[in-house]
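I opened this structure for a set of short notes.

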Amino acid sequence: MTQVYCLAVAEKTDSTVRIMALEQDLSSFGIFQRSTVGEFVGFFTKTVIERTPLGERSKVEEKDLLCHVYIRTDGLACVMITKATYPSRTAFSLLNRLADEFSTKFPQKSSWATMNPTTTSPKYPELKQHLAKAQDPENTDPFMRVQRELDETKIVLHKTMESLLQRGEKLDDLVAKADNLSGASKAFYKTAKSTNSCCGM
């Protein structure tokens, strides 16, 4: 299912916004809707860039769409239009990398004046690859993958404790019966339990 509809790189000057590179994935829309949606996405992209100051990031929500924009102080603007549920941290992380990659690949700002999506596409196939990869936020953002793994580990840990306690034994009873725990350890457990009583499992 499509999560990211558009990735674009543009140049913002005092008077204009020029799209230099653009890739869209409108496959989740009906075939007769795609051209209309494509026009709207282009309009939305330009409008958000026009209204975002140089050197800033912003996000604008419109119905079920979320437009993330990052404009550098040199006027290089990167835009990502996604579903409203797409993680913003992931989007802005990709836009930062995209801006660095584009300016490294096309360092002469004077050459930007002649660029448009049709002529840039063959010279910059990485944009299409980024669009495809961004459909899965975990592919784009390694921190999301780590967070998911931590959440899964936490769930396994909770399940392990629950299954241990479901055997009819309570942790309190086990601590009270334990011969190998010193009196200080038992007192520590009771104090810790009373201190953390607001945070039960």
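**Notes on the largest cavity**

I sorted the lining of the largest cavity and got five nonpolar residues, two polar and one charged. For this I took Ala, Val, Leu, Ile, Met, Phe, Trp, Tyr, Cys and Pro as nonpolar, Asp, Glu, Lys and Arg as charged, and the others, Gly among them, as polar. The model is predicted, and local features need pLDDT of at least 70, side-chain atom pairs pLDDT 80 or more, while totals for chains, interfaces and linings use all residues. Residues are numbered from 1 along each chain as its sequence is written, and side-chain values use heavy atoms, without hydrogens and water.

I listed the lining residues: A21, L22, E23, P117, T120, S121, Y124 and L127. β2 gives the most, with three residues. Helices (H or I, at least four residues) and strands (E, at least two) are DSSP runs, numbered from the N terminus.

The volume of the largest cavity is about 40 Å³. Searching the whole structure, I found one cavity of 30 Å³ or more. On a 1 Å grid over the protein atoms alone, a cavity is a set of points where a 1.4 Å probe fits but cannot get out; a pocket is an open set with protein on both sides within 12 Å along at least five of seven lines; lining residues have an atom within 4 Å of a point. Grid points are joined across faces, edges and corners, and a volume is the space filled by probe spheres set on the points.

**The second largest pocket**

I read off about 190 Å³ for the second largest pocket. Its lining is Y5, F29, V37, F40, E62, K63, D64 and L65. That makes five nonpolar, no polar and three charged residues.

I stopped at K63, in the loop between β3 (57-62) and β4 (65-71). K63 is not a glycine, yet its phi is positive, about 55 degrees. Most residues other than glycine have a negative phi. K63 counts as exposed because its relative accessibility is 71%. The cut-offs are under 20% relative accessible area for buried, over 50% for exposed and in between for partly exposed (1.4 Å probe, protein chains only).

**Cores**

Which residues touch the most other members of the largest nonpolar core? I found L7, V9, M80, L95, L98 and F102, in a core of 24 residues. The elements giving two or more residues to this core are β1 (4-12), β2, β5 (76-83), α2 (88-105) and α4 (126-134). α2 has the largest share, seven residues. Apart from this core lies another, of 19 residues, including A10, I19, V48 and I49. A nonpolar core is a set of buried Ala, Val, Leu, Ile, Met, Phe, Trp, Tyr and Cys residues joined through side-chain atoms within 4.5 Å.

I looked up V9 next, in strand β1. V9 counts as buried because its relative accessibility is 0%. Beyond four places in sequence, V9 is in contact (heavy atoms within 4.5 Å) with residues including R18, I19, L76, L98 and F102.

**Whole chain**

I counted eight helices and five strands in the protein chain. Of its 201 residues, 33% are buried.
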